[in-house]
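Below is a briefing on helix packing, backbone geometry and ring contacts in one model. Please keep the sequence and the structure open while reading.

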Amino acid sequence: MIAEALRTWRTRRRVSQLELAARAGTTQRHVSFIESGRSAPGRSMIIRLAESLEVPIRERNELLLAAGFAPAYPHGDLDGPELRTVRAALDRVLHGHLPYPAVVVDRHGDLVAANAGFDAITRGVTPSLLAAPVSVPRILLHPEGLAPRIVNLAQWAWHVIDRVRAESERNPSDRLARLAEELAGYAPPRQVPQDHLGFAVPLRLRTAGHELRLVTTLTHFGTATDVTVAELRLEAFLPADDATAAALNDLAAAR
């Protein structure tokens, strides 16, 4: 039911009816009537309310369907002709990030594409973890993945787990919630160092005789109107020091 669904999203975002009305360009009275079922919102009003609540576009389509309207946002195939230019752009970004590792993942953290730098640091991971669908968070924290080579696993693992949990709470997903619980089972007890500054420390990863110190960046398509594209995330690993930059260059040259 559209009334209940909109009320649930507003509650989840911790937004009052008055604030939502101001964001969407309507009145608190109208929002109240919609949420109580006394007023049936039109297609454009549903889109405005959903946009104001930062509802993912996949779920915006579901809201429209619940109200009896056709979906507004296409759901393309990244390997199909309609998204060929997007795929080509992603491939250029991945290649341009070399020799540093980078991946593209979907909303569940499953691998969509990776560059040779990521292949280099995941060399030696058990083959079962590299069978599709490949979960990047699982590769990072699984005992047969990168976890044995992560020097600061007790701190860095919880950075990954907390991020997965936060995403599963903000945009509810049973699959992400299950993944977070699985990852927590692999992680050592949470440790907060005395000099903790409130943000994730660099990933310290042993590989090929080096200790790599890597920081990560996350990028997404902020103006995407296609469900597939909107759910993509580019995660790029950057060297935190000159020694790591040199080591990554050496790894690339050795391929």
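Pro99 sits in the loop that runs between helix H6 (84-96) and strand E1 (102-105); helices (H or I, at least four residues) and strands (E, at least two) are DSSP runs, numbered from the N terminus. The peptide bond leading from Leu98 into Pro99 is cis, with omega near 10°. This is a predicted model, in which local features need pLDDT of at least 70 and side-chain atom pairs count only at pLDDT 80 or more, while totals for chains, interfaces and linings use all residues. Residues are numbered from 1 along each chain as its sequence is written, and side-chain values use heavy atoms, with hydrogens and water left out.

**Backbone geometry**

- Most residues other than glycine have a negative phi, and most peptide bonds are trans.
- Ala132 and Pro133 are also joined by a cis peptide bond, with omega about -5°.
- Pro133 belongs to the loop between helix H7 (116-121) and helix H8 (136-141).
- Arg14, a residue other than glycine, has a positive phi near 55°.
- The loop between helix H1 (2-13) and H2 holds Arg14.

**H1 and H5**

- H1 packs with helix H5 (residues 57-66) at an angle of about 150°, and their axes are 9 Å apart. Axes are lines fitted to C-alpha atoms, for helices over the stretch in contact, and angles run from 0 to 180 degrees between N-to-C directions.
- H1 is therefore roughly antiparallel to H5 (under 35 degrees counts as roughly parallel, over 145 as roughly antiparallel, 65 to 115 as roughly perpendicular and the rest as oblique).
- The crossing of H1 and H5 is left-handed (the near helix is turned anticlockwise from the far one by less than a right angle; clockwise is right-handed).
- Ile2, Ala5, Leu6 and Trp9 of H1 make the contact with Glu59, Leu63 and Ala66 of H5, where contact means heavy atoms within 4.5 Å.
- By class, this contact of H1 with H5 has six nonpolar residues, no polar ones and one charged. Ala, Val, Leu, Ile, Met, Phe, Trp, Tyr, Cys and Pro count as nonpolar, Asp, Glu, Lys and Arg as charged, and the others, Gly among them, as polar.

**H2 and H3**

- The axes of helix H2 (residues 17-24) and helix H3 (residues 28-36) cross at roughly 110° and come within 8 Å.
- H2 is therefore roughly perpendicular to H3.
- H2 and H3 cross in a right-handed sense.
- On the H2 side the contact is made by Gln17, Leu18, Leu20 and Ala21, and on the H3 side by Gln28, Val31, Ser32 and Glu35.
- Four nonpolar, three polar and one charged residues make up the contact of H2 with H3.

**H2 and H4**

- H2 also packs with helix H4 (residues 43-52), at an angle of about 115° and with axes 9 Å apart.
- H2 and H4 are therefore roughly perpendicular to each other.
- The crossing of H2 and H4 is right-handed.
- In H2, Leu20, Arg23 and Ala24 meet Arg48, Leu49 and Ser52 of H4.
- The contact of H2 with H4 has three nonpolar, one polar and two charged residues.

**Rings**

- Arg12 lies over the face of Trp9, 4.5 Å from the ring centre. A charge sits over a ring if NZ of Lys or CZ of Arg is within 6 Å of the ring centre and within 35 degrees of the ring normal.
- Arg38 lies over the face of Phe33, at 4.0 Å from the ring centre.
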